[in-house]
Amino acid sequence: FLETVLTRNQSVEQAVLSVSEGRDRAMGVQFYLLAAHIEGGARLGEALEKVPGFLPPQVNAMLNAGEKLGDMKKVLPACREVLRVAKPVVCLAVPSIGFASTLPELYLAVGTFGLFVGAVDATMNMQGAVTEKRYGYSIITAFYGLWSMAGILGGLWNAAAGKLGLSLGAAFAIAGACGLAGSAASGRFLFSKAEDVAPVSEAAAKAAGISIPWRPIILIGIAMGCMYIGDAAVSNFSSVYMDKVQHGSKVLLPLAFAAYQAMMVLGRVIGDHTVRRFGAAAVVRAGAIVAAIGLLGVVLAPSPGLAIGAFALTGLGFCVVPPQCFSATSKLDPTGSGIAISRVNVFNYAGFVLGAALAGGIAGGVGGPLGWRAAFAAPLALTMVIVVLARGFAPQPVIGGAGGAARAAGAGTAAPG
């Protein structure tokens, strides 16, 4: 509705009055109350204050910001458009990696992939956070479960492609084609500009008198960074650990990471239910403790079987941390813009890069089997930081201070009438 209005260069107030003349009952009683206030001379923001619950508080806040900025188009983000462009580019970059014949070509392909997958990652989490807000309860962990399952399917496809004798380029091209098909099928279901309301920049939010509480958001980011340090250690070195420490056979080497991923999927299948029942803070705290016990098992495991079980326990504990990070960050961002989510997402990549360097550096510095045990001791210590920071995962939603937006917090988050 808003998107259509702005395309026609019509004010929102004029559009509301125009639609109200149609007397369409599907618009709901609250819409006609809003129209009556506007017809009486109220501005959009003032009218929304008088019809509590018509829009979610975050949307109220950003419409208020748009009025102050004098340009409603500035409060309509383009995360759907970013995803529509970035996802196909990622899918096309995958086969280009496989077909690269020189180092410059490989660097270019991998760089392109990394750039656009970062855009997909951030906007994907924004879409997930908006979806969770619409439902009003935890569902974002299930999305991460699907993401984990897709990762497992990708690994299985690579194994099958090797058995079939396909070249790396051909295998990646088939995977990319599947990704393109999925992107085309899902693109139309993404939230549009009219449904995902936010400013284009933090400066725009500040101009409207809305500030983002960065301290609790950064603490959440630190927790996610600590989790991804552990995730990087497992992802990069679990097979090396199984070889150098447990002296496992070639069949056993990949099973540690497989167990880690399998339990991560399982945990994410039930994660939303546990969050609804016990609360995000309690679930993240318990998950971090379980992950710490798992990493302690990795450090001390005397046999391959126990080591595999310890990696599985680590995956079960870590599984809820990233989705709940984004869920909590979304609640703390009064602009609803995704600015905070995109910045917290940086901790994801920073943690993963640091984790690989940290674990590998410790293993190389200490040397021998003891070095690889020590490599997992550092993530173990950092996982306890998540336990300490877990209380920040159950924040009260923060609403912007622009005019009636703050008072709109008590109106709930009901969808338009």
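Helix α16 passes helix α17 in a right-handed crossing; a crossing is right-handed if the near helix is turned clockwise from the far one by less than a right angle, and left-handed if anticlockwise. Helix α16 covers residues 339–366 and helix α17 residues 368–375, and the two pack at an angle of about 150° with their axes 7 Å apart. Here axes are lines fitted to C-alpha atoms, for helices over the stretch in contact, and angles run from 0 to 180 degrees between N-to-C directions. The pair α16 and α17 is therefore roughly antiparallel, given that angles over 145 degrees count as roughly antiparallel, under 35 as roughly parallel, 65 to 115 as roughly perpendicular and the rest as oblique. On the α16 side the contact is made by A359, I362, A363 and V366, and on the α17 side by L370, G371, W372, A374 and A375; contact means heavy atoms within 4.5 Å. Sorted by class, the contact of α16 with α17 has eight nonpolar residues, one polar and no charged ones. In this scheme Ala, Val, Leu, Ile, Met, Phe, Trp, Tyr, Cys and Pro count as nonpolar, Asp, Glu, Lys and Arg as charged, and the others, Gly among them, as polar.

Before going further, keep in mind that this is a predicted model, in which local features need pLDDT of at least 70 and side-chain atom pairs count only at pLDDT 80 or more, while totals for chains, interfaces and linings use all residues. Residues are numbered from 1 along each chain as its sequence is written, and side-chain values use heavy atoms, with hydrogens and water left out.

Helix α16 has another partner to look at. The axes of α11 and α16 come within 6 Å and cross at roughly 35°, and α11 passes α16 in a right-handed crossing. Their contact has 19 nonpolar, nine polar and two charged residues.

Stepping back, the protein chain has 18 helices and zero strands; helices (H or I, at least four residues) and strands (E, at least two) are DSSP runs, numbered from the N terminus. Of its 417 residues, 47% are buried, where buried means under 20% relative accessible area, exposed over 50% and partly exposed in between (1.4 Å probe, protein chains only). Among contacts with a separation of 6 or more, 76% join residues 24 or more positions apart.

Not counting residues up to four places away in sequence, M227 touches Y260, M264, F318, V321, P322 and I386.

D272 sits in helix α12 (residues 255–278) and counts as buried because its relative accessibility is 5%. Beyond its neighbours within four places in sequence, D272 is in contact with S138, I139, I140, T141, A142 and Q324. D272 and T141 are 131 residues apart in sequence, yet 5.7 Å apart in space, C-alpha to C-alpha. S327, in helix α15 (residues 321–332), counts as buried at 4% relative accessibility.
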